Amino acid sequence: MKNLPLDSQLFVKNRARFVAKMEPQSIAIINSNDELPTNGDALYKFKQNSDLYWLTGIDQEDTMLVLFPDNPDPKYREVLVLVRPNELKEKWDGHRLRKDEAFAVSGIATVVWLDSLDALLQQWVNDASNIYLNSNENNRKSSLIAVRDYRYAQEMKLRYPLHNYLRAAVIFKELRAVKTPEEVKVMQEAVDITEKAFRRVLKFIKPGVWEHEIQAEIVHEFLRNRSAGEAYGSIIASGDRARTLHYVYNNQECKDGELILMDFGAEYGGYNADLTRTVPVNGKFTDRQRQVYNACLHLHNYAKSILRPGITIAKYHEMVGVEAGKEFVRLGLLTEADIKNQDPEAPAYRKYLYHGISHHLGVDVHDLGPSFHKPIPEGAVMTVEPGIYIEEEKMGIRIENNIWLTASGNVDLFKNIPVTAEEIEALMK
C-alpha cells in the first residue's frame with residue numbers, strides 16, 4: 001500500500017471487538033484471499049480479504065490470523081501467520097514482511113511462519129470446542145467460485161469432524177457495519193483525496209475532452225496523494241451514457257451542452273470513498289438541467305435528513321420514493337394520476353430512479369451491514385445517492401455523499417466538496 005502508516009490501535013481495537021463476540025472455548029481462523037490467475041503465467045493484482053485486513057491491517061498474500069482467547073498458553077491467544085520470507089523470491093516479487101514489521105502494522109506480538117503452522121494449530125484446535133471459519137455473506141455476493149475460505153472450511157471439517165463449527169461472518173456483518181472513530185479518520189483521508197481529484201477535474205472539463213482523459217486526471221491525483229488508486233472502476237459518463245448505472249467504458253467525447261456524471265472514489269489505507277457529482281461539460285447548466293439537478297439535490301438533502309440510526313433501509317427507501325414521486329410531478333415527468341394509480345410493488349417514480357439510495361461503505365465499497373429490514377446501527381457510514389434518469393431527454397443526474405451516522409447527528413464526510421449548481425459553475429469558470 002502507498003499510504004502513510006496507520007495507527008495499529010485501529011486493528012487492535014477491531015480484534016478486541018471481534019473476540020468479545022466469540023463463544024467461550026472457541027478458536028477463529030481467518031484466511032487471506034487467493035492470488036487469482038489471469039492468462040498465461042500472469043496474476044491479477046492481489047486484493048486482500050476484507051475481513052482479514054479489518055482485523056490485522058496486513059495486505060500480504062498467504063496470511064492467516066488465529067484468535068483463541070481461551071488458549072492455555074497466553075502467547076498464542078492471537079497469532080499472525082505469514083509466509084516465510086525467501087531471498088530468491090524477493091528478488092522477483094519484492095519484500096515480504098518480517099515479524100517486527102508485521103507487529104508494527106497489526107499490533108500482534110506473536111507471528112509464526114506458515115510452514116510451521118500445522119503442528120501448532122493441531123494443539124490449539126484440540127483445546128477448543130468451537131471453530132469459527134469465514135465465508136462471504138455479503139448480501140450482494142454473486143460469484144459461486146470456491147475461494148480459499150470455502151476450500152479451507154472443507155479441509156478443516158475433514159481433519160476435525162467432531163468440533164462445532166460457527167460462522168465468523170455473522171460477527172463481521174455486525175461489527176464492520178459500525179465504524180470506530182479510528183476507521184472514520186482513515187476514511188476521511190480517502191474522502192479528502194477524492195475532493196482534490198474532483199476540484200482538479202472541474203478545471204479540466206470542457207467540450208472536446210474525452211471521458212478517459214478525465215479519468216486519467218482523477219487517477220493521477222489519487223496516486224500523487226498516496227491513494228492505492230480507484231476504490232472501484234470510475235464511472236465517467238457524459239450525455240445519455242449517464243443513464244447506465246455501471247458505465248465503465250469511459251471512451252467517448254464530452255460534447256458542448258451535455259452533462260457529465262462522474263462516480264469515483266479513492267482508496268486509502270484499505271478504506272474507501274464513494275463520490276458522485278454531475279456537472280455541465282461547458283461549465284453552465286441550461287435552465288432545464290438546473291431544474292432537474294436541483295430536484296436531485298433536494299432528494300439528496302431530504303434523504304440525508306431522514307437517514308438516522310434505527311431506521312431500516314427498506315423504510316428509508318420507501319420514504320425517499322414518496323418524495324421522489326412528488327419531485328417528478330413538479331418536473332413534469334409524472335402526473336398526480338400516475339401517483340394515485342401506481343402499483344405499490346412497482347411505484348411510478350421507479351421509471352426515473354431505478355436504484356437504491358444508500359449502501360454501507362468501509363473496507364468494501366458495498367460494505368457489510370444488516371439486511372434491508374433490520375435497523376441501521378449507530379456508527380454506520382452510508383452513501384446517500386439519489387439520481388434522476390430521463391430517457392426522453394437523454395439526461396442522467398446523480399449526487400452522492402458519504403455520511404457517518406452518530407448519536408449526536410449525521411456527519412457528512414463530503415461537507416467540503418462543492419455540490420450546488422452555483423458552486424460547480426463558479427469553480428468551472
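1. The largest nonpolar core has 109 residues, and those with the most contacts inside it are Phe-18, Ile-214, Met-262 and Phe-328. Helix H8 (residues 181–204) supplies the largest share of this core, ten residues. Apart from this core lies another, of 22 residues, among them Ile-27, Val-112, Trp-124 and Ala-128. Please keep in mind that this is a predicted model.

2. Leaving aside neighbours within four places in sequence, Phe-328 is in contact with Leu-299, Leu-333, Leu-334, Tyr-349, Tyr-352, Leu-353, Gly-387 and Ile-388.

3. Is Arg-96 buried or exposed? Arg-96 sits in the loop between helix H3 (87–93) and helix H4 (99–106). Its relative accessibility is 12%, under the 20% cut-off, so Arg-96 counts as buried. A polar atom of the Arg-96 side chain lies 3.2 Å from the backbone oxygen of Gly-94. Not counting residues up to four places away in sequence, Arg-96 also touches Gln-60, Glu-61, Pro-85, Glu-90 and Glu-101.

4. Now to a sheet. Three strands form an open sheet in the order S13-S16-S17, with antiparallel pairing. Strand S13 (381–384) and strand S17 (409–412) are the edge strands, each pairing on one side only. On average, neighbouring strands of this sheet are turned by 35° against each other, direction ignored.

5. Within that sheet, strand S16 (residues 401–406) and S17 run antiparallel and are joined by four bridges.

Conventions:
Residues are numbered from 1 along each chain as its sequence is written. This is a predicted model: local features need pLDDT of at least 70, side-chain atom pairs count only at pLDDT 80 or more; totals for chains, interfaces and linings use all residues. Side-chain values use heavy atoms; hydrogens and water are left out. A nonpolar core is a set of buried Ala, Val, Leu, Ile, Met, Phe, Trp, Tyr and Cys residues joined through side-chain atoms within 4.5 Å. Buried means under 20% relative accessible area, exposed over 50%, partly exposed in between (1.4 Å probe, protein chains only). Helices (H or I, at least four residues) and strands (E, at least two) are DSSP runs, numbered from the N terminus. Contact means heavy atoms within 4.5 Å. A polar contact is a pair of N or O atoms within 3.5 Å; within protein, one must be able to donate a hydrogen and the other to accept it, and residues adjacent in sequence count only if both atoms are side-chain atoms. Two strands pair if DSSP finds at least two bridges between them. Axes are lines fitted to C-alpha atoms, for helices over the stretch in contact, and angles run from 0 to 180 degrees between N-to-C directions.
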